[in-house]
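Thanks for coming. I have one structure to go through, and I will keep it short.

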Amino acid sequence: MFRLFSVLLLIVLFASCNSEYTPRPKGYFRIDFPERAYRTFDQPGYPYTFEYPVYAEVVKDSTFFEDDVKGQYWINIDFPRFNGKIYVSYKDVNNNFDALVTDAFNMAYKQHTSRASGIEDSLIQTPNGLSGVFFKLSGNTATGRQFFITDSTRHFLRGALYFDATPNEDSLGIVQRFLMEDMKHLVNTLKWK
């Protein structure tokens, strides 16, 4: 019995060595995106309003607590399906416009130049008469999309898209492109109260 088993095992081993191995290319899971539809964020007391996707949730940012008014209008737009968030911060403009713009550029450039293979910035002019800059970061960066929007006299709003995942441009790129359209919609529908 042992000899028969040994002979059969040798035949199987020799027969299996004749085929060539072809490695399969690395792939990622298919992502089915939801249909685009929007609802309005218009909470009492907030100095801004905008439209955001129905497949997202707006959550008050918990970075600041209790009496700290510095972040009282900060929110996160959470995309649970994609494990991502747009962190939205708001600041009043009080003779600090240049510092706010410099901070926004520093957040895009200085924080990510070591990992980014490229950074593009483009001016934004919204239908509501607001202006700002949209940043597109390439490479395996923690954030691929950022923006700031302002009226340059009273209001300054900044947003940055982050994923709770290891940065990988190949796998996150398609989701970033999808959510970029939602970010553009948010910016184009933003109004100050």
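I will cover a helix, a loop residue and a sheet.

Before that, the conditions: this is a predicted model, in which local features need pLDDT of at least 70 and side-chain atom pairs count only at pLDDT 80 or more, while totals for chains, interfaces and linings use all residues. Residues are numbered from 1 along each chain as its sequence is written, and side-chain values use heavy atoms, with hydrogens and water left out.

Take helix 2, residues 97-109. The expected span is 1.5 Å times one less than the number of residues; for these 13 residues that gives 18 Å, and the end C-alpha atoms are 18 Å apart, so the two agree. Leu-100, Val-101, Ala-104 and Ala-108 of helix 2 are buried, meaning under 20% relative accessible area with a 1.4 Å probe and protein chains only; exposed is over 50%, and partly exposed is in between. Seen down the axis, the buried residues fall within an arc of 95 degrees, so they line one face of helix 2. That arc is taken from the directions from the helix axis to the C-beta atoms.

Next, the loop between strand 5 (84-92) and helix 2, where Asn-95 is found. Is Asn-95 buried or exposed? Exposed, because its relative accessibility is 88%. Its C-alpha atom is separated by 9.3 Å from that of Arg-154, 59 residues apart along the chain.

Three strands form an open sheet in the order 1-2-10, with antiparallel pairing; two strands pair if DSSP finds at least two bridges between them. Strand 1 (38-41) and strand 10 (191-192) are the edge strands, each pairing on one side only. Strand 2 (residues 48-53) pairs with strand 10 over two bridges, and Thr-49 has Lys-191 in strand 10 as its bridge partner.

How values were computed:
Helix = DSSP H or I, 4+ residues; strand = E, 2+ residues; numbered from the N terminus.
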